[in-house]
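Trainee: I would like to learn how to read a structure like this one, feature by feature. Could we begin with the charged side chains and work from there?

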Amino acid sequence: MEWHGFACIPAPNEKGFSLVVSKAGDWTNDKIVEPPKQLWVRGVPCYGVLRITPLFRRVVFVATGSGIGPCAPCILEQRVPIRLLWTSPDVRKTFGDKLVDDILKASPGAVIYGEWRLWRFLLLY
């Protein structure tokens, strides 16, 4: 049996949650290629440092690739204004239209850069 820690993304005002799975090896790649119908979850989803987001009046998140996973619940919850910079190539292909649309709906000012664009932006800066 293998296991992996994933960022749980609860759906606001709904039961259940989603996961963002990044290709970190053979096991996670297998889950991406052939998604299981169900996964066993040990205990309850735990909370990371972003749980303290509501302590601030506004927040800036910078996420790379699947790092959007831990940020997504805070963005979707919309308890505080959040400005997002998300760098990842081809987010719609990689993460799916639903997640990207939900993020953009909850954070309309979000800036999404493909990695090559970000590096170009940083070099020009």
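Trainee: With which residue does Asp 97 form a salt bridge, and how far apart are the closest N and O atoms?

Mentor: Bear in mind that this is a predicted model. A salt bridge is read from a side-chain nitrogen of Lys or Arg within 4 Å of a carboxyl oxygen of Asp or Glu. Here Asp 97 pairs with Arg 92, and the closest N and O atoms are 3.1 Å apart.

Trainee: How many salt bridges does a search of the whole structure find?

Mentor: The search finds three. One of them connects Lys 98 with Asp 102, whose closest N and O atoms are 2.8 Å apart, and both of these residues lie in helix H4, four residues apart, or about one turn of the helix. Lys 98 is exposed at 60% relative accessibility, whereas Asp 102 is partly exposed at 28%.

Trainee: Turning to burial, how many of the residues of helix H2 are buried?

Mentor: Across the chain of 125 residues, 27% count as buried. Helix H2, spanning residues 68–77, is mostly covered, with eight of its 10 residues buried, among them Ile 68, Cys 71, Ile 75 and Leu 76. The cover over these buried residues includes strands E1, E2, E3 and E4 together with helices H3 and H4. Just after H2, Gln 78 takes a positive phi of about 60°.

Trainee: And how should I read a pocket: which element gives the largest share of the lining of the second largest pocket?

Mentor: Rolling a probe the size of a water molecule over the atoms shows where empty space is left. The second largest pocket has a volume of about 890 Å³, and of the 32 residues that line this pocket, Ile 9, Ser 18, Leu 19, Val 20 and Leu 99 lie nearest its centre. Elements E1, E2, H1, H3 and H4 each give two or more residues to the lining, with H4 supplying the largest share, five residues. By residue type, the lining divides into 17 nonpolar, eight polar and seven charged.

Note on methods:
Residues numbered from 1 in each chain as written. Predicted model: local features only at pLDDT ≥ 70, side-chain atom pairs only at ≥ 80, totals over all residues. Heavy atoms only, no water. Buried < 20%, exposed > 50% of the residue type's maximum accessible area, 1.4 Å probe, protein only. Contact = heavy atoms within 4.5 Å. 1 Å grid on protein atoms, 1.4 Å probe; cavity = no way out; pocket = protein on both sides within 12 Å on 5 of 7 lines; lining within 4 Å. Points joined across faces, edges and corners; volume = space filled by probe spheres on them. Nonpolar A, V, L, I, M, F, W, Y, C, P; charged D, E, K, R; others polar.
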